Amino acid sequence: MEVWQLVGAAFVLGAAAAISGPAADAFTPDLVPEDDLHAANALESIVRSLAVRMVGPGIGGLLIALVDSFAIIAFNAVSFAVAALCAAAINPRTAAAAQGSGSEAEPEGEPVPYRQALRYLFGERWLWVLIVWSGVVLLLQSGPRQVLLPFLIHNDLGGDARDYGLLIAVTGIAAVVSSFLLASRKPPRDYPRRMLLAWTAGAAPLALMVFAPSFWLLLPLGAVYGFFSTAGNVYWSTLVQTSVPSSVRGRVISIDWLGSLALVPVSAALAGIGSSREFMIWLFVLGGTLPVLLTLVTLRWVDLRGLGAKGAQQPETQKTPEHSEPVVPV
């Protein structure tokens, strides 16, 4: 296989994830009652952490030792077919009707245009501010974690791929523990504020990783990142699903994905242009400290109190040039 083929496949996978990710987040409230949403998001986080950070890399390493890379990629393609069959078996309307919500009898109406979702988004300061917050934090963090951390382990600490895999596994174990703890109890009343603080606590260890004298000191830092970042993600999913009206939920979640991930390629490019030790130190330190300062500013500017407890108010329907009748929320 040529590099351009891998690049093309990566582009297709990224485009598919841009559709499937927001869609999965948006229809989760159609599958479970609202009281169970927090536990459902934590369960999804457990499965994701086990698959992406533990079981998946383990199976990948075993297959690499047994067969060639092309066969592994083909095996991965088959796994997508299995996932498609699982997705086809999901019927949100049947699930909603089984809960007695009566959603099966509700008319679908017209799809809500993006401009209505944008009006709602910018009318809720907490929502667009936190989307911008996550985009800036991922700009600061994703490049050092994904591009520079393997070089740090190999060049500065004398490690290899097995050490990097161990760090990912420890991060995954901490994420699973965090998800189990969240799934076993109801979210506290101030969980939106705890969400932001958890994200910040997960981001801060990056500043210390570049100064670690031994690989083994990276493991507790990775565990802190996995534990608190996962807690913040579970809280965020619950907050959006319960606070954003169902009529614009899918649109808003897709905008959230766009705003959060838009600068990730820029972060990778910035991490790749610098090869000096001093440049790497600056990226790690800024990536771990600036989110803390950004969080302090956000907490003073945005009032997160009461967000988790308030119900989602449907935005006013408005006439559009395309339809003579008002838009009906789904």
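Me: Are Trp-126 and Trp-236 buried or exposed?
Reply: Trp-126 and Trp-236 are both buried, where buried means under 20% relative accessible area, exposed means over 50% and partly exposed lies in between, using a 1.4 Å probe and protein chains only. This is a predicted model, in which local features need pLDDT of at least 70 and side-chain atom pairs count only at pLDDT 80 or more, while totals for chains, interfaces and linings use all residues. Residues are numbered from 1 along each chain as its sequence is written, and side-chain values use heavy atoms, with hydrogens and water left out.

Me: What is the relative accessibility of Trp-236?
Reply: Trp-236 has a relative accessibility of 9%, so this residue counts as buried. Trp-199 counts as buried too, because its relative accessibility is 12%.

Me: How many aromatic pairs are there?
Reply: The count comes to 7 aromatic pairs, where rings of Phe, Tyr and Trp (its six-membered ring) pair if their centres lie within 6.5 Å, and planes under 30 degrees apart count as stacked, over 60 as edge-to-face and the rest as tilted. One of them is edge-to-face, because the rings of Trp-126 and Trp-236 have planes at 70°, with their centres 6.4 Å apart. This pair links distant parts of the chain, as Trp-126 belongs to helix H6 (residues 125-156) and Trp-236 to helix H10, 110 residues apart. Helices here are DSSP runs (H or I, at least four residues), as are strands (E, at least two), and both are numbered from the N terminus.

Me: And why is the pair of Trp-199 and Trp-236 tilted?
Reply: The ring planes of Trp-199 and Trp-236 stand at 50°, with the centres 5.9 Å apart, so the pair is tilted. Here too distant parts of the chain are linked, with Trp-199 in helix H8 (residues 191-203) and Trp-236 in helix H10, 37 residues apart.

Me: Which residues form one aromatic cluster?
Reply: The cluster is formed by Trp-126, Trp-133, Trp-199 and Trp-236.

Me: OK, helices now. How many residues of H10 are buried?
Reply: In H10, 19 of the 26 residues are buried, and the helix is therefore described as mostly covered. H10 covers residues 218-243 and reaches 37 Å from its first C-alpha to its last, close to the 38 Å expected at 1.5 Å a residue, the expected span being 1.5 Å times one less than the number of residues.

Me: At what angle do H8 and H10 cross?
Reply: H8 and H10 cross at roughly 150°, and their axes come within 7 Å; axes are lines fitted to C-alpha atoms, for helices over the stretch in contact, and angles run from 0 to 180 degrees between N-to-C directions. The two helices, H8 and H10, are therefore roughly antiparallel, given that angles under 35 degrees count as roughly parallel, over 145 as roughly antiparallel, 65 to 115 as roughly perpendicular and the rest as oblique.

Me: What about H6 and H10, how far apart are their axes?
Reply: The axes of H6 and H10 are 14 Å apart, and the helices pack at an angle of about 155°, so H6 and H10 are roughly antiparallel as well.

Me: Changing topic, where does the charged end of Arg-145 sit?
Reply: The charged end of Arg-145 sits over the ring of Tyr-225, 3.6 Å from the ring centre, the rule being that NZ of Lys or CZ of Arg is within 6 Å of the ring centre and within 35 degrees of the ring normal. Arg-251 lies over the face of Tyr-114, at 4.5 Å from the ring centre.
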